[in-house]
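Let's take a friendly walk through a protein model. Have a look at the sequence and the 3D view before reading on.

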Amino acid sequence: MPTVLRVIVGASGSPASLRALRYAQHLAHDYDATLVPVLAWLPPCGDLADRRTPDEELRRIWAQDAHQQLQGTLNLAWGTLPVGLSVWPLVRRGQPGPVLAGAARHPGDLLVVGACPVLVLPVPPLAHQAPHGALARAFWRRTLTADQVSPGKRRAAA
């Protein structure tokens, strides 16, 4: 298993994200990794409204509100920050999916989300060097049959 250096976790404040935060805390502790709770935010009226009538003061207030929301979420999840664990909260403007994927883009990053059960395995580094051809076929996944495992022998019915 690859080394986990950072555990990135969505922290919206929903009940599912609170559960994900607590789970991510345990993972970060087990791997001796940095825990990165991430809150993605958008302006209340959306990006389009903000682009039509940009207001730097409103943007500052919205960003400040997002930081307060993340702090409130962390307080709900743990009360106080976990002792003996490196925690680096991150607030980013944007849709949650792209923000979380962007935060967890480095080797050694593990992404935890509370909205749905997801397990995504990174592509092996060698696969990036050989996107096509014989070497790429080595990374294909196929189901083995009994004949492939033991050619010429039939398995007895149990």
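Predicted model: local features only at pLDDT ≥ 70, side-chain atom pairs only at ≥ 80, totals over all residues.

Residues are numbered from 1 along each chain as its sequence is written, and side-chain values use heavy atoms, with hydrogens and water left out.

**The whole chain**

The protein chain holds seven helices and four strands. Both kinds of element are DSSP runs numbered from the N terminus, with at least four residues (H or I) for a helix and at least two (E) for a strand.

How many of the 158 residues count as buried? The share is 29%, where buried means under 20% relative accessible area, exposed over 50% and partly exposed in between (1.4 Å probe, protein chains only). A contact means heavy atoms within 4.5 Å. Among contacts with a separation of 6 or more, 74% come from residues 24 or more positions apart.

Strand β1 covers residues 6–10, and four of its five residues are buried. Two strands count as paired if DSSP finds at least two bridges between them.

| Pair | Sense and bridges | Residues standing opposite |
|---|---|---|
| β1 and β2 (residues 34–41) | parallel, five bridges | Val7 and Leu35 |
| β1 and β4 (residues 109–112) | parallel, four bridges | Arg6 and Asp109 |

On its way from β1 to β2 the chain passes through helix α1 (residues 15–31), and this β-α-β crossover is right-handed. That word applies if, with the strands pointing away from the viewer, the path from the first strand over the helix to the second runs clockwise.

**Helix α3**

Helix α3 takes in residues 56–78, 23 residues in total, and reaches 33 Å from its first C-alpha to its last. That is close to the 33 Å expected at 1.5 Å a residue, a span worked out as 1.5 Å times one less than the number of residues. The buried residues in α3 are Trp62, Ala66, Leu70, Thr73, Leu74, Ala77 and Trp78. An α-helix has 3.6 residues a turn, so residues three or four places apart point the same way. The buried residues of α3 pack against α1, β2, α2 (46–52) and β3 (90–93).

Now look at the two ends. Asp55 caps the N-terminal end of α3, with a side-chain oxygen 2.9 Å from the backbone nitrogen of Glu57. Just after the helix, Gly79 takes a positive phi of about 85°.

Leu18 sits in helix α1. Is Leu18 buried or exposed? Leu18 counts as buried because its relative accessible area is 13%. Leaving aside neighbours within four places in sequence, Leu18 is in contact with Gly13, Thr73, Leu76 and Ala77. The C-alpha atoms of Leu18 and Ala77 are 5.3 Å apart, although 59 residues separate them along the chain.

Asp109 belongs to strand β4 and is buried because its relative accessibility is 18%. Its side chain makes a polar contact of 2.8 Å with the side chain of Arg6. A polar contact is a pair of N or O atoms within 3.5 Å; within protein, one must be able to donate a hydrogen and the other to accept it, and residues adjacent in sequence count only if both atoms are side-chain atoms. The side chain of Asp109 also reaches the backbone nitrogen of Arg105 at 3.5 Å.
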